[in-house]
Amino acid sequence: MVARAYTVAFEGVSARRVEVQCALSPGLPAFSIVGLPDKSVSEARDRVRAALSALAIALPSKRITINLSPADLPKEGSHFDLPIAMALLAALEIIPPDAAEAITALGELSLDGALIPVIGALPAAMAAAEEDRALLCPAASGAEAAWVGACQVIAAPALSDVVRHFTGQSPLPPAEPGEVTGTSGSRCLRDVKGQERAKRALEIAAAGRHHLLMSGPPGSGKSMLAARLPGILPPLSAAEALQTSMIHSLAGLLDEGGISRSRPFREPHHTASMAAIVGGGRSAKPGEISLAHNGVLFLDELPEFNRSVLETLRQPIETGEVMISRANAHVTYPCRFMLVAAANPCRCGHLTDPARACNRAPNCGEDYMGRISGPLLDRFDLRLEVPPVSFTDLDLPATGDSSAQVCSRVAQARARQAARHGAEDGFANSDLEGGALSEVATPDGEGQALLGQVAERFGLTARGYHRVLRVARTIADLDLSDAVRRPHVAEAISYRLMQPQSG
C-alpha cells in the first residue's frame, strides 16, 4: 500500500501541489527520498527519523521510499519535513490514511518533534483553499495562514499534537487570523520645519500613487520627508494586505504572528545589486520592488545606484509586475509600488544653494544628474526641488497639518478614485490610461489651452503629457472637484517642469 500526503512547492507567489507518496517494501532497511529534492529536502529523513524516535515510534525493518510527485518539479525548503512525516505515519497506520490525504501540510521538524515555522504559509493556505483542503502548519505560522478564510487552518506546536489530533485523542482548534499593529504614526509631517511645497507634493503623490523625485542640497530634508510618507498613506485593505503578505511570506518577513495593514516602506542602499532590487538568485526570490508592492520604494542618493539597476526599473514601473527568468524558473511577481527618489543636484551637493558655491558649476550637476537616463526621469510624475533650510527656520514653531490630517485627505481622495472607476482595491489615478484617462482627466477649455502651450514650448513627451493629466486629476480629487480645471493643470505642470539648475 502507498500512503499519501500533500504539500506545496513555490513558484513565485503561487504554490503548486506536491503529492508525497510513501511506500514500505521488503528489503534491507533504508530510507530514501526521490523526486528531485535539494539538499534541505534530502536531510529531512534524518529529522523525521529523530522526531519519530522522540515519540517512541520505531521505524520498521523495511525499505522506506518517499516520492515527491511530480518528479520533474524541483523541491527545495525544509517545509517538506511535516508532509513526509505525515505520509510515513499513515503508512505505519498510526494516523488514518484518509485523514492524511485530506490536508495540505508544511512545516520543519526539530529533532525532539517540535514544529518550526517556515516561509510560505500564506500562499500554501491559498493553494489548499483552491483544492478544498485544510492546512496543517506549525503553531507560529497559524495566525498568518488563517487570513485565508476559505481554508481551515490547523496549527500544531509539535508532531505529537498532530498525532493526537488525527487519532481523536486531543483535537486542535482552528487557528485564528492575527494582525500586527504598525507604529508608522510616530513620525509626523509637522516635525518638518518649512518645506510647505514639498509637503504638498508628498500629499499629491500619496493620493494618486504618483512617482516623486526630490532634488536638493544635503540637509534640506529629503530623507526626512520620505520617512514620513508611511504616516500619510491609508492602511492596506484586506485584499491588498493579502497580496502584499503573500510576497513577504515567501521572503520570510512575516515573523510577528500575523500580517500587517501598514503599507510597506522599502529603502535599499545604493550599493544593492540587481538581484536584490529586482529579484533573482538561484531560486528567483522576490526583490525590493516586489517587497514594496502596494507601498513605497524609496531610493536615496538615486544617481549613486548602478546604472544597469536603475534601467531595469523602467518596465516594472509601467506594467506593475516583473518576470524573473532563470534556467530552472520563470517567475512573475507583482510590483505595483510608488517610487520616491532623492538626489543631490551635483556631486558636492551645493549647486542650487545660493549661500554656497559649487566649484565645478554647471558641469558638476550635468555630469552627476546625467547618470539618470531621460526615459527613467520621464517616468517621475512629480519632480521637486527642495530648497535648503536655514538654521533660523529650525527655531520657528511647527507649521502645516499633521500626518493624521493629511492621511484623512489622502484616504478621501483615494476613495473618490475607487468609487469613480468601480475598480478593485488598490486602484489609483496613476493606473489611468487610454479611454478612461480621457474620460475623467480631460481638463476644461482653459486648462487644455495651458497644457497645449506647455507641451509645445517644453517638448513634453506623450508619456509626460499623460502623466500631467493624471496628476491634475489627483489634485482635483484632493480639491473635491469633479472636473479638472486650469488651476489643477497649472499645479501639475509646476511639479513636472523642474527649474533649471544654476550655480
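Begin with the aromatic rings: this predicted model holds one aromatic pair. Select Phe-265 and Phe-298, whose rings are stacked, with 6.1 Å from centre to centre and 25° between the planes. The two residues come from distant parts of the chain, 33 residues apart: Phe-265 belongs to strand 13 (residues 265–266) and Phe-298 to strand 16 (residues 296–299).

Next, select Tyr-6 together with Arg-133. The charged end of Arg-133 sits over the ring of Tyr-6, 4.0 Å from the ring centre.

Now turn to the salt bridges, of which the count is 30. Select Arg-4 and Glu-19, whose side chains meet in one of them at 3.1 Å, N to O. This bridge links strand 1 (residues 2–11), which holds Arg-4, with strand 2 (residues 14–25), which holds Glu-19; the partners are 15 residues apart. Arg-4 is partly exposed, with 29% relative accessible area, while Glu-19 counts as buried at 16%.

Then select Glu-11 and Arg-16, which form a salt bridge of 3.4 Å, N to O. Glu-11 is partly exposed at 35%, and Arg-16 is partly exposed at 36%.

Finally, select Glu-318 and Arg-379, joined by a salt bridge of 3.4 Å, N to O. Glu-318 lies in helix 14 (residues 314–319) and Arg-379 in the loop between helix 16 (374–377) and strand 20 (382–385), so the pair ties together parts 61 residues apart in sequence.

Conventions
Residues are numbered from 1 along each chain as its sequence is written. This is a predicted model: local features need pLDDT of at least 70, side-chain atom pairs count only at pLDDT 80 or more; totals for chains, interfaces and linings use all residues. Side-chain values use heavy atoms; hydrogens and water are left out. Rings of Phe, Tyr and Trp (its six-membered ring) pair if their centres lie within 6.5 Å; planes under 30 degrees apart count as stacked, over 60 as edge-to-face and the rest as tilted. Helices (H or I, at least four residues) and strands (E, at least two) are DSSP runs, numbered from the N terminus. A charge sits over a ring if NZ of Lys or CZ of Arg is within 6 Å of the ring centre and within 35 degrees of the ring normal. A salt bridge is a side-chain nitrogen of Lys or Arg within 4 Å of a carboxyl oxygen of Asp or Glu. Buried means under 20% relative accessible area, exposed over 50%, partly exposed in between (1.4 Å probe, protein chains only).
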